[in-house]
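Here are a few notes for a first look at this model. Please read them with the structure open.

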Amino acid sequence: MPGLYAFRVKWLKQRDIALFGSDGVQDVRPTRVEGVDQPVHLLFLVAMGTPLSDNCDLEALSQAAAQRRRWTFF
């Protein structure tokens, strides 16, 4: 499955993100972290306290934003 490798979380942490969301899952499969099924989830939720949004419908979001002519939110 597509997603992030755990070592990429450091890059996002350095940018002080407040929320991480995607139109799929966050963790790549296989994870390459032995014994850990979802290391990205663990790092974001437990270590960093960063909320996650899985499986977002970004197509619908972009259509709603265009309809409202609004390009920033959250």
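1. F7 counts as exposed, with a relative accessible area of 54%. Keep in mind that the model is predicted.

2. The structure holds two aromatic pairs. Y5 and F7 form a stacked pair, with the ring centres 6.2 Å apart and 15 degrees between the planes.

3. F20 and F44 also form a stacked aromatic pair, at 5.0 Å centre to centre and with 15 degrees between the planes. F20 belongs to strand 1 (residues 20–21) and F44 to helix 2, so this pair ties together parts that are 24 residues apart in sequence. Both F20 and F44 are buried.

4. Where does T50 lie? T50 is found in the loop between helix 2 (39–48) and strand 2 (52–53). T50 is buried, because its relative accessible area is 5% and buried means under 20%. Apart from neighbours within four places in sequence, T50 is in contact with I17, A18, L19, F20, F44 and L45. The contacts of T50 thus include F20 and F44, the two rings of the stacked pair in point 3. From T50 to R29 the C-alpha to C-alpha distance is 21 Å, and the two residues are 21 residues apart in sequence.

5. L45, one of the contacts of T50, lies in helix 2. L45 is partly exposed, with a relative accessible area of 46%. Together with L42 and V46, L45 makes a nonpolar surface patch of about 300 Å².

Methods
Residues numbered from 1 in each chain as written. Predicted model: local features only at pLDDT ≥ 70, side-chain atom pairs only at ≥ 80, totals over all residues. Heavy atoms only, no water. Helix = DSSP H or I, 4+ residues; strand = E, 2+ residues; numbered from the N terminus. Buried < 20%, exposed > 50% of the residue type's maximum accessible area, 1.4 Å probe, protein only. Contact = heavy atoms within 4.5 Å. Patch = residues over 30% accessible without salt bridge, like charges linked within 9 Å, V, L, I, M, F, W, Y side chains within 5 Å. Areas by Shrake-Rupley, 256 points an atom, 1.4 Å probe, with all protein chains shown as cover. Salt bridge = Lys/Arg side-chain N within 4 Å of Asp/Glu carboxyl O. Phe/Tyr/Trp six-rings, centres within 6.5 Å; stacked < 30°, edge-to-face > 60°.
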